Amino acid sequence: IGPMLRISPNEVSVNDPEASSIIYGQIFKFEKSKYFYRAFEDQAPNLFTIRDRQQHAKDKSLISHAFSRANIIQHEGSIYDKGHYLMDRFTQSAKDGQIIPLFPAFRCMTLDTISEFAFGRSAGALQLGDYKSAIFEAIDKATHSVPFVSVVSLPSKRKKMLI
């Protein structure tokens with residue numbers, strides 16, 4: 001078995017890091033796989049799932065200015081300030097002998113960073129004493145309300161299991 005293996009009449013599996021950059025890179029014109037990218041699509045195509053290169057380029061051009069290097073650099077100080085604020089909170093929590101909930105804390109920092117970048121104003125999640133943002137509670141409830149079932153084949157037990 002080499003780095004390329006035909007796994008069905010219309011599908012080839014490639015196990016080669018160099019080939020990956022050729023296949024998925026922006027320079028080459030290979031079309032994205034419908035099988036793979038449709039899995040990330042909700043009800044309509046989005047920037048991450050559009051398979052047509054021309055349509056993708058057109059849609060991307062509408063928001064690309066927001067992600068330019070110059071625009072991202074403008075937010076560097078704000079990101080630093082949020083990280084510094086969070087580290088100060090961690091230091092105080094450690095001095096007080098409190099448990100530091102890392103996942104919720106960094107999730108709040110992410111929310112504040114993204115909300116400030118996208119909307120020009122932070123959501124203020126880092127200032128919450130318990131790092132429990134109502135925004136994340138809503139997202140978590142919505143995420144758990146959408147059924148996500150996949151079949152996984154377990155080679156060791158030769159059984160199928162629903163996740």
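1. A quick definition to start: two residues are in contact when heavy atoms of theirs lie within 4.5 Å. With that in hand, look at α5, whose buried residues pack against α6. Here "buried" means under 20% relative accessible area, "exposed" means over 50%, and "partly exposed" is in between, using a 1.4 Å probe and protein chains only. Helices (H or I, at least four residues) and strands (E, at least two) are DSSP runs, numbered from the N terminus.

2. Some ground rules before you read on. This is a predicted model, in which local features need pLDDT of at least 70 and side-chain atom pairs count only at pLDDT 80 or more, while totals for chains, interfaces and linings use all residues. Residues are numbered from 1 along each chain as its sequence is written, and side-chain values use heavy atoms, with hydrogens and water left out.

3. The protein averages 80, and 77% of the residues score at least 70. Two stretches fall below 50: residues 148–154 and residues 156–163. Beyond near neighbours in sequence, residues 148–154 have 16 contacts in the model, and 16 is also the count for residues 156–163. Where pLDDT is low, the predicted coordinates should not be read in detail.

4. You'll find seven helices and four strands, and from the N terminus the order is β-β-α-α-α-α-α-α-α-β-β. Of the 163 residues, 17% are buried. Taking contacts between residues at least 6 apart in sequence, 33% join residues at least 24 apart. The protein exposes about 13400 Å², with carbon and sulfur atoms supplying 61% of it; that area comes from the Shrake-Rupley method with a 1.4 Å probe, and for residues only the protein chains shown count as cover.

5. Which residues make up the largest nonpolar core? The members are L86, F90, A105, C108, M109, L111, A125, L126, Y131 and F136, 10 residues in all. The elements giving two or more residues to this core are α5 (76–95) and α6 (102–119), and the largest share, four residues, comes from α6. By "nonpolar core" I mean a set of buried Ala, Val, Leu, Ile, Met, Phe, Trp, Tyr and Cys residues joined through side-chain atoms within 4.5 Å. In soluble globular proteins, nonpolar side chains tend to be buried together.

6. Take α5 on its own. Its 20 residues reach 29 Å from first C-alpha to last, close to the 28 Å expected at 1.5 Å a residue; the expected span is 1.5 Å times one less than the number of residues. S78, K82, G83, L86, R89, F90 and S93 are its buried residues. Seen down the axis, they fall within an arc of 135 degrees, so they line one face of α5. After the helix comes G97, with a positive phi near 75 degrees.

7. Buried here are A105, C108, M109, L111, D112 and S115. These cover an arc of only 160 degrees around the axis, which puts them on the same side of α6. F103 and I114, on the other side, are exposed. G120 follows α6, and its phi is positive, near 80 degrees.

8. Y131 has a positive phi of about 60 degrees although it is not a glycine, and at 6% relative accessibility it counts as buried. S133 lies in the loop between α6 and α7 too, and counts as buried at 7% relative accessibility. Leaving out residues up to four places away in sequence, S133 touches L111, A125 and L128. Its C-alpha atom is separated by 9.1 Å from that of A123, 10 residues apart along the chain. With that same exclusion, A125 touches C108, L111, D112 and S133.

9. One last stop, in strand β2 (residues 11–14), where V12 is found. Buried, exposed or partly exposed? V12 is partly exposed, with a relative accessible area of 39%. Setting aside neighbours within four places in sequence, V12 is in contact with M4, L5, R6 and I7.

Technical notes: pLDDT is the predictor's confidence in each residue, from 0 to 100. The arc is that of the directions from the helix axis to the C-beta atoms.
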